[in-house]
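Have your viewer ready and your selection tool at hand.

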Amino acid sequence: MSQPDATAEFVVLGGGISGLSLAWRLAARHPGQVVLLEREPQVGGLAAGIPWHGIPLDLGSHRIHTGFEPGALRTIEQLLAGDLRTRKRRGRILVNSRFLPYPPSLATIGSSFGVRQSLVFCKDFLRARMGKWRNGRDQARFEGYLRDQVGDSLYEFFYRPYAEKLWALPASQISFEPAVARLHRVRRLGPQPNRGFFHYPKGGMGQLAEALRTRITDLGGTVLTGAEATDLSSDEGGVRVVARLAGEDSARTVRAGTCISTLPLRATWRLAGMGAEPLPLRWRSLRVAYLLYAAPLRGDIDTYYFPDPRLRIGRVSSIHRFSPELPEPANRILTIEIPCSQSEDLWTMSDQDLSQIVHHELKATGVMDAGAGDPVEVRTVGLRDVYPVYELGWRECWAAALDRLARVDHLFLAGRAALFLHCNIDHCMTMAQRLATLVEGPLAREKWRAEINGFPFLKLKE
Ligand SMILES: Cc1cc2nc3c(=O)[nH]c(=O)nc-3n(C[C@H](O)[C@H](O)[C@H](O)COP(=O)(O)OP(=O)(O)OC[C@H]3O[C@@H](n4cnc5c(N)ncnc54)[C@H](O)[C@@H]3O)c2cc1C
């Protein structure tokens with residue numbers, strides 16, 4: 001076997017928040033002994049900043065929620081020093097043809113829907129909670145679980161359309177785990193400190209990834225961007241990763257004692273030589289459109305949510321409302337998220353065609369004035385496989401896939417993409433910190449595998 005181009009104690013695959021957090025934690029214990037490989041020219045993965053007209057655009061609305069795990073929030077504050085801003089949330093969700101404040105609470109739902117409908121919500125909710133009407137509903141399904149938790153009418157208005165739009169499946173075919181991960185949002189009735197606020201780096205979400213990269217390199221770690229991992233093999237002594245570097249003819253190899261992959265599960269599957277075996281898990285993708293208008297956007301709403309499956313737009317946000325310190329033309333850009341599958345026209349149509357559909361829906365829903373002129377420029381980005389589809393039976397397939405990968409010695413999986421999770425940045429950071437302490441101890445792989453089983457229930461913040 002040829003000599004490796006680099007050796008290290010750890011090689012980390014993927015430079016999203018999970019990979020960067022891991023590399024940082026490991027480099028702190030093993031200065032100079034960590035190599036991170038990231039395929040894209042920039043670090044950050046889903047939380048990267050993509051420059052357009054000098055603005056570091058987020059890949060869809062990204063913010064740091066006040067409900068983040070306290071340890072992760074403290075770390076973010078330290079990483080961003082004085083650049084983390086706190087802003088009031090000004091969100092709206094379109095439900096049954098009316099805009100409600102977002103995130104919704106039972107109190108705001110009540111005041112928006114009027115006395116009659118509110119009584120129906122309350123009656124259904126209490127019936128569900130008292131458990132009297134559990135007619136043998138299947139608690140292992142999204143639908144049965146939620147109907148029994150929040151009642152039929154709240155389920156029909158809020159949860160069902162959202163789920164069917166995001167996953168493009170009848171809610172009766174979705175498993176219960178994502179219901180558990182989302183339920184905390186309407187459970188709370190009383191005042192919740194900080195619930196109406198969020199944090200955001202003044203220079204865009206990509207600032208967090210850049211701060212992590214700096215920490216790693218300050219500790220002597222290596223961060224290679226434009227470096228796509230193409231092969232992974234292991235033996236008794238460790239792992240060998242082959243990477244193709246942008247602009248270089250020959251591949252490079254890294255030899256390390258331990259490999260932690262934060263790459264999408266499908267990518268790790270292929271890399272480890274299992275590409276011939278089908279991976280029986282499905283994801284939904286997301287197309288993100290950025291519309292640049294001639295005039296500054298009006299109003300002060302930062303984010304609109306559209307759970308209605310009849311609308312193509314899912315979430316619309318204004319990066320300028322997240323950080324008014326961003327320069328022109330941030331105040332003229334809208335970011336629109338369109339959940340879709342790669343087999344749909346929405347995924348393949350031209351930027352111009354997509355922008356016409358989106359602009360029309362923005363006007364029809366009242367986000368833009370009826371007389372608003374067309375956008376002057378559009379850019380779109382396709383994010384493959386960002387939403388795991390938790391259809392019935394997914395858990396058995398998932399466990400089988402993880403067990404199969406567990407046969408690759410010295411390999412650990414971590415992060416949202418690698419573990420088929422729909423989770424937040426704080427979960428990725430917490431996961432990384434935990435794995436970095438576990439990885440060198442006894443029975444590390446067995447312990448980590450056991451912890452992974454609880455991750456599908458992580459509480460989602462949106
Ligand atoms: C639209 C959207 C909005 C979101 N909003 C929020 C929010 O407001 N707040 C919040 O907390 N979370 C939010 N999230 C979730 C958050 O973005 C993720 O939890 C987090 O960024 C995941 O990080 P990760 O490192 O696990 O995965 P990723 O970011 O997916 O990182 C995986 C990395 O692997 C790289 N890679 C892939 N293949 C290869 C290869 N062969 N070789 C080398 N590198 C490779 C990729 O380029 C990528 O950088 C949002 C997610 C989405 C999709």
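Start with domain 2 and domain 3, whose C-alpha centres lie 28 Å apart. Seven residues of domain 2 and eight residues of domain 3 form the contact, where two residues count if their C-beta atoms, placed from the backbone, lie within 7 Å. On the domain 2 side, five of these residues are nonpolar, none is polar and two are charged. Here Ala, Val, Leu, Ile, Met, Phe, Trp, Tyr, Cys and Pro count as nonpolar, Asp, Glu, Lys and Arg as charged, and the others, Gly among them, as polar.

To colour the chain, select domain 1 (6-62 + 205-281 + 391-457), domain 2 (104-187) and domain 3 (283-388); the bounds come from an automatic or database domain assignment. Keep in mind that this is a predicted model: local features need pLDDT of at least 70, side-chain atom pairs count only at pLDDT 80 or more, and totals for chains, interfaces and linings use all residues. Residues are numbered from 1 along each chain as its sequence is written.

Next, show the open sheet of seven strands, ordered 8-7-15-16-17-14-18 with mixed pairing. Strands are DSSP runs (E, at least two residues), as are helices (H or I, at least four), numbered from the N terminus, and two strands pair if DSSP finds at least two bridges between them. Zoom in on strand 14 (residues 283-292), which runs antiparallel to strand 18 and is joined to it by nine bridges. There, Arg-284 stands opposite Tyr-387.

Finally, select the ligand: 35 residues surround it, and the closest include Gly-14, Gly-60 and Gly-415 (near means a C-beta atom, placed from the backbone, within 6 Å). Helix 1 (17-29), strand 11 (227-235) and helix 13 (425-438) each give two or more residues to this shell, which divides into 15 nonpolar, twelve polar and eight charged residues.
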